[in-house]
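Open the model in your viewer and keep the selection tool ready. This tour goes stop by stop, with a note on what to select at each one.

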Amino acid sequence: MEEEDQQKLTDLVKELILRLLSCKSPNSASQSPSSPHFQASLRYAVRILSSRLTPSVAPDAAAVAESIKRHLAIHGKSSQALTFADLYSKFNSKTGPGSINNKWAVLYLLKIISEDRSLAGNDPNYPSLLPNIECFEAESGDKSRVSREREGGRVGWDKGVLLVSKDPENLRQLAFKEYADLVKEENEVSEELLVRDVLYACQGIDGKYVKYGSIVDGYILSDLVKVPRATRTMVRKLCELGWLFRKVKGYISDSMDRFPGEDVGTVGQAFCAALQDELSEYYKLLAVLESQSMNPIPLVSESASSGNYLTLRRLSVWLAEPLVKMRLMAVLVDKCRVLRGGAMAGAIHLQAQHGDLLVSEFMKRLLTRVCSPLFEMVRSWVLEGELEDIFSEFFIVGQQVKAESLWREGYRLHSGMLPAFISNSLAQRILRTGKSINFLRVCCDDRGWAESAMEAASAAGTTTRRGSLGYGETGALESLINEAAKRIDRHLLDVMYNRYKFKEHCLAIKRYLLLGQGDFVQYLMDIIWPELSEPANTISSFKLAGLLESAIRSSNAQYDDPEILDRLRVKMMPHSAGDRGWDVFSLEYDPRVPLDTIFTESVMVKYLRIFNFLWKLRRVEHALIGAWKAMKPNSITSQAFLKLQRAAKMPLLLTLRKCQVLWNEMNHFLTNLQDYIMFEVLEVSWLNFSHEMEVAKDLDDLLMAHEKYLNSILEKSLLGERSRALHKSLFILFDLILRFRSHADRLYEGINELQTRSGKSSLASRDNKKSGQQRNEGPSKTSSWASDGRKALTQRAGEFLRNMQNDLDSLAKEYTTLLEGFLSQLPVQQHVDLKFLMFRLDFTEFYSRLGVNKC
Amino acid sequence: MDPEAARTARESLDLAFQMSNILDTGLDRHTLSVLIALCDLGLNPEALTAVVKELRREPFSSAPVLPPSSFP
């Protein structure tokens, strides 16, 4: 088959040559195939045929037909163009056996032959046009006249404008020649070389003519080179790309150098890697351009030669898109030069908020890579509680603290490193989740959080592997964090409530430190009273501890959980000289890890303050009740009453009555205060706190609820900042009440003494019988009295009673003033609950009316 | 060659001849048919045009001394 083809080929070629030669010179003698002329021609033809093996224009029959049509139309042969179109369509439709397969080749052939003919026919010495001189049209415009006549004139190479000129003297030709010479003269350097230099500049390399000028800070064409100004400007514009490239490359190599020095973090590295990827794309483009720059434009006619494919204009078109990208990269490099970590990601994200699709796509690609280390860190923090942050780029910083402050101070947010696409609330949740895991691991010795993490990840649709999250998937990140947070929080609260019995401990603190366990407190007060009246430095804490134990055992407290009772103990505060036991005694509760996250030192101090206040209140109450015990109408007093002379009777009555009245007032005040504290303050706050404990979702909530609980107690029991004055007056009142107690004691003691004395001096037998119930003060004292007789007794009694009366009077007056002062301050207090106190104390408006009357 | 194919071929040749006349290539029917056959066989049309041009310009150039070359 091949042989056949070859033979056919040879035959056809021979035939062709024969025909052509015979056409040429029909009269010549060299017609036989064996003539030397023929042979020479044959050889020549063969040479030409074998040299051009591949066509340089794309084989598209339609395109060629189009160009032929256009050519015809341009040259004024529009009717012929139409005919041609018609013919072509018919020609093209012929398919099947017998038709021409290579239609394109035929058309092309015809076109070129006709062109050549027209060219050759018109002017054999037609000079070659320089097709890349664009101003050619303008130049020729002067010499042309538009006319419809075609008398041997030439047609120009216009691209759509019909220009037919009458130019018999070849003026245009001469002009072209001159122009070409001029251009050659001005251009010392050919465009080709300039293009190559620009390509070098775009890679940051100095070319032969275009070098980097450090003063000007750009790539410039040295002034010594003679090029027209237009070219110079164009070169400048193109070299901006080179300058930008230099900047970006400089940043990358800088960062790479600094990396071992730990100045550039993982995010910075990712950024450099992404930039380098973009740059490699850019290199590819430049490589293609460079290879193109060596190729000439494929023109098929031999008579015209062309310049290089790549001119400066073409280059500027090709480089437009890389220029935009490079500019973006340079802007980013500038912004991120000093930033690291999350701040860098945030800055780039801000830049990515751009309307242009190209820009936003580009930024998105960059950001995906830049943020991947950040997202990794978030993932490992949220699912495992690990903080692997060597270069401190993460927005959560941890520090070494003791176990008890792990929750509050162990980790915090570093807002400088927080990128903008992670909102603050999300960051808080992230912080809390990781903190909880660490807390569980360190303080609670709990390992159950790992399953929660797995569950969370599966629920959110990602896995716990690395690299499963990326930028732009903030939604996925959020859902992962929400799931993780939910589960971990629940787990943490479970652990707190169930394993560490948080609620029970809170309740225990309330019962013991806040004196909720009434019987225990009563008993303790009873047995500890005599101890604490001693000066502080004589009291031993062991004894007190023993008393505490016995108090626990004799009250309902003994049925409590031993773990709780373990933690209750006596605390002796540091005392100075002159302190009584009352001032230094307190109870304390020992919270251990992990509960001491909630019951920190400061919290326990607050509890201590409340305890002291309540204890004092109880003490005063106890004192008053003791006075009441003494003030019962008993036989001693009545006896004394009967025994005394008339003169002393009235004072006695008066004194007693005064005492009673004062006692009542004080009791009323104290009872109401006590009730207020017990019910309105402690119980109500506790109820609120229990409600909040039910609904608390995580440890932060719990902490806040507890703080609120404590603070409200402090405020309402006048221990807060705003109630200082009130608090002072309250304590003065307490002191007053205690003084009253001692006075009352003295009064009744005195009465008893009188009684015993009078009892001794009068009918002894009768009194002895009755005085079986008396208290015998001390027989030694009576001896000095017995001799005085009744008058002396009465005198003495009168004196004593008068003294007592005066004392009581002054006490009463003081008390009233103080109470008034106290009550007047109550309404101006901010706290609404103190109004309830006022209401209780002044239920019948007795005091306010008193105040009004006085005014 | 069956008549159908022959007819197609003749018509194609006619069309091509008319097109070539419009374009004023100066080729006669027979030469054109030879050229078409050569194109169909796969020769480069650029090369063929070069041959045509050169051989037409015969009078200008004397037969050059050519080194023998291999035929593809």
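Is Cys202(A) buried or exposed? Select Cys202(A): its relative accessible area is 0%, which makes this residue buried. The cut-offs for that scale are under 20% relative accessible area for buried, over 50% for exposed, and partly exposed in between, with a 1.4 Å probe and protein chains only.

Before moving on, some ground rules. This is a predicted model, in which local features need pLDDT of at least 70 and side-chain atom pairs count only at pLDDT 80 or more, while totals for chains, interfaces and linings use all residues. Residues are numbered from 1 along each chain as its sequence is written, chains are lettered from A and ligands numbered from 1 in the order in which they are written, and side-chain values use heavy atoms, with hydrogens and water left out.

**Stop 1: the cysteines**

A disulfide here is a pair of cysteine sulfur atoms within 2.5 Å. Over all chains, the search finds zero disulfides. Now select Cys371(A). Its relative accessibility is 0%, so Cys371(A) counts as buried.

**Stop 2: chain A as a whole**

Colour chain A by secondary structure. Chain A has 33 helices and eight strands. These are DSSP runs, numbered from the N terminus: helices are H or I with at least four residues, strands are E with at least two. Of the 855 residues in chain A, 45% are buried. Next, consider contacts, meaning heavy atoms within 4.5 Å. Among contacts in chain A with a separation of 6 or more, 71% are between residues 24 or more positions apart.

**Stop 3: the cores**

Select Phe520(A), Trp615(A) and Phe822(A). They have the most contacts inside the largest nonpolar core, which has 195 residues. H26(A) gives the largest share of this core, 17 residues. Such a core is a set of buried Ala, Val, Leu, Ile, Met, Phe, Trp, Tyr and Cys residues joined through side-chain atoms within 4.5 Å. In soluble globular proteins, nonpolar side chains tend to be buried together.

Zoom in on Phe822(A). Leaving out residues up to four places away in sequence, the residues that Phe822(A) touches include Phe669(A), Leu718(A), Leu726(A) and Leu841(A). Then pick Leu16(A), Ile113(A), Met19(B) and Val52(B). These are among the 54 residues of a second, separate core.

**Stop 4: salt bridges**

How many salt bridges are there over all chains? The count is 26. The rule asks for a side-chain nitrogen of Lys or Arg within 4 Å of a carboxyl oxygen of Asp or Glu.

Select Lys658(A) and Asp809(A). They form a salt bridge, with the closest N and O atoms 3.3 Å apart. This pair links distant parts of the chain, 151 residues apart: Lys658(A) sits in helix H26 (residues 646-695) and Asp809(A) in helix H31 (residues 789-825) of chain A. Lys658(A) is partly exposed at 29%, and Asp809(A) is partly exposed at 31%.

Move to chain B and pick Arg29(B) with Asp14(B). Their closest N and O atoms are 2.0 Å apart in a salt bridge. Arg29(B) is in helix H2 (residues 29-40) and Asp14(B) in helix H1 (residues 3-22) of chain B, 15 residues apart. Both ends are partly exposed: Arg29(B) at 37%, Asp14(B) at 29%. Back in chain A, select Arg432(A), Asp489(A) and Asp698(A). Salt bridges that share partners join these residues into one network.

**Stop 5: helix H3 of chain A**

Select residues 61-74 of chain A. The expected span is 1.5 Å times one less than the number of residues. For the 14 residues of H3(A) that gives 20 Å, and the end C-alpha atoms are 20 Å apart, which agrees. Highlight Ala61(A), Val64(A), Ala65(A), Ser67(A), Ile68(A) and Leu72(A), the buried residues of H3(A). They lie on the same side of H3(A), because they cover an arc of only 165° around the axis; the arc is that of the directions from the helix axis to the C-beta atoms. Just after H3(A), Gly76(A) has a positive phi of about 85°.

**Stop 6**

Select Leu515(A). This residue is not a glycine, yet its phi is positive, about 55°. Leu515(A) lies in the loop between helix H19 (502-512) and helix H20 (518-532) of chain A, and is buried at 2%. Finish on Asp24(B), with a positive phi near 60°. Asp24(B) is in the loop between H1 and H2 of chain B and is partly exposed at 49%.
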